[in-house]
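Student: I am new to this structure. Can we go through it in short steps?

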Amino acid sequence: MESYWLSILGVLALCLLSVALAIYSGSSKGFAGKLAGPVIPADDNNPLYRIDRVHMNSVEALAPFVVSAVLAMMAGVGPVTLAVLVWIHLAIRLMHMAIYLRGGNAAKGGSVRTILYVSGALVTLVLILVTGWAALR
């Protein structure tokens, strides 16, 4: 596992990002006097909604990516290949978060935010395929 240290740090950063966003979302709702759960109105112009959605997006993306990354280590995917995929995914998640939290036109669906979300999903798909290939060799 020593050779995967860079990937492990990247995966831990993804997990930390998700936890930090959970705390940010929960505290933002609390300070606004809102209850836990969905934010209404569900509108990209509502900052509380964007905070909640960026957290939910991080949670949705986290499980398939982390499971695939761990399986990649077990299957013997090259450490450099895995590290590149992990850090690309982390960079995409951070850009997605920054754009969505900032708001404006780039944060609206069908825009830069959507491109970043789909890009993260594509990196996950590549990771799954690379891991499957390594497991079959």
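Student: Is His 55 buried or exposed?
Tutor: This is a predicted model, and His 55 lies in helix α2, residues 47-75. Buried means under 20% relative accessible area. His 55 has 11% relative accessibility, so it counts as buried.

Student: Which residues does His 55 touch, leaving out those up to four places away in sequence?
Tutor: Contact means heavy atoms within 4.5 Å. With residues up to four places away not counted, His 55 touches Ser 18, Leu 21, Ala 22 and Ser 25.

Student: Which residue forms a salt bridge with Arg 53?
Tutor: Side chains of opposite charge can pair when their charged atoms come close. A search of the whole structure finds 1 salt bridge. Its closest N and O atoms are 3.2 Å apart, and the partner of Arg 53 is Glu 60.

Student: How much space lies in the largest cavity?
Tutor: The count comes to 1 cavity of 30 Å³ or more. The space in the largest cavity is about 40 Å³.

Student: Which helices each supply at least two residues of its lining?
Tutor: The lining of the largest cavity includes Leu 14, Ser 58 and His 89. Its residues divide into 4 nonpolar, 3 polar and 1 charged. The helices that each supply at least two are α1 (5-31), α2 and α3 (79-102).

Terms used
Residues numbered from 1 in each chain as written. Predicted model: local features only at pLDDT ≥ 70, side-chain atom pairs only at ≥ 80, totals over all residues. Heavy atoms only, no water. Salt bridge = Lys/Arg side-chain N within 4 Å of Asp/Glu carboxyl O. Helix = DSSP H or I, 4+ residues; strand = E, 2+ residues; numbered from the N terminus. Buried < 20%, exposed > 50% of the residue type's maximum accessible area, 1.4 Å probe, protein only. 1 Å grid on protein atoms, 1.4 Å probe; cavity = no way out; pocket = protein on both sides within 12 Å on 5 of 7 lines; lining within 4 Å. Points joined across faces, edges and corners; volume = space filled by probe spheres on them. Nonpolar A, V, L, I, M, F, W, Y, C, P; charged D, E, K, R; others polar.
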